[in-house]
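Dear colleague,

I am passing this structure on to you, with some notes on what turned up when I went through it. Please have a look at it first and then read on.

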Amino acid sequence: MRLVILGGSGSGKSTQAQRLCRYFDIPLISTGEILREAISGGKSLPNFQWSPTDSRTYVSVYNSLNELGHHARPYVEKGELVPDEMIIELIGIRLRQPDINCTWVLEGYPRTAFQAEELDFLLDNLGQKLDWAIYLQVPEAVMVSRSLGRSLPDDQPEIVQRRIELFYDRTIPILEYYDRRRRLLTINGDQSPEMVQQNILTLLSVP
């Protein structure tokens, strides 16, 4: 099972990604986690250990993460989006880790139609294929309310509103991209987490 979770701020995508990972017993790939790992220089997560049988060594992965983290840090510290090429390379490193084993839930990526296309190219190179992109559809007012209710440092009203505006600007092309490829599942995210998960499992044809 290979899934992408799409949704705006406060849509519940992180919650559902974690629930699906537990349900299917598969790894969660979070772009936030990957960026933190890269910025820390590849030291904070034990998952980032390259298999000795792979032609690439742990040292090369460590160096790649360290270099990418160095370049990504200024964007993260300013709250800006990290450039596509950096994120794509970081996702590629993560997907090649031995704990992934061809099954995963990807959360926080892709965020643009270009990234969605690049993800497909990457998966082709890895001999994998995305099963479904799951879009958690939530009214704007609910996203704002949920985001402000989290009381996180960057969840200020003007920042939340800007994130939601950017989300709508970028999401429609991603939805169209996956819809054309018959890989889009749209879920009503304005329900309890349990109901949302059950609806996802139903559309995935899981008993």
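Across which strands does helix 7 lie, and at about what angle does it run to strand 4? Helix 7 (residues 157-180) lies across strand 1, strand 4 and strand 5, and its direction makes an angle of about 140° with strand 4. Contact here means heavy atoms within 4.5 Å, while axes are lines fitted to C-alpha atoms, for helices over the stretch in contact, with angles running from 0 to 180 degrees between N-to-C directions. Helices (H or I, at least four residues) and strands (E, at least two) are DSSP runs, numbered from the N terminus.

Please keep in mind that this is a predicted model, in which local features need pLDDT of at least 70 and side-chain atom pairs count only at pLDDT 80 or more, whereas totals for chains, interfaces and linings use all residues. Residues are numbered from 1 along each chain as its sequence is written, and side-chain values use heavy atoms, with hydrogens and water left out.

Five strands, in the order 2-3-1-4-5, make up an open sheet with parallel pairing, where two strands pair if DSSP finds at least two bridges between them. Strand 2 (28-30) and strand 5 (184-188) are the edge strands, each pairing on one side only. Strand 1 (residues 2-6) is joined to strand 4 (residues 132-137) by four bridges, with I5 opposite I134 and L6 partnered by Y135. Strand 1 also pairs with strand 3 (residues 104-107) over four bridges, and there V4 stands opposite L106.

Five of the five residues of strand 1 are buried, so this strand is largely enclosed by the rest of the structure; buried means under 20% relative accessible area, exposed over 50%, and partly exposed in between (1.4 Å probe, protein chains only). R2, V4 and L6 point one way from the strand, and L3 and I5 point the other way. Helix 8 (residues 193-203) lies across strand 4 and strand 5, at about 150° to strand 5.

The salt bridges

There are three salt bridges in the structure, each being a side-chain nitrogen of Lys or Arg within 4 Å of a carboxyl oxygen of Asp or Glu. One of them joins E194 and R19 at 3.1 Å, N to O, and it links helix 8 with helix 1 (residues 13-24) across 175 residues. Another joins D120 and R183 at 3.0 Å, N to O, and both of these residues are buried.

With kind regards
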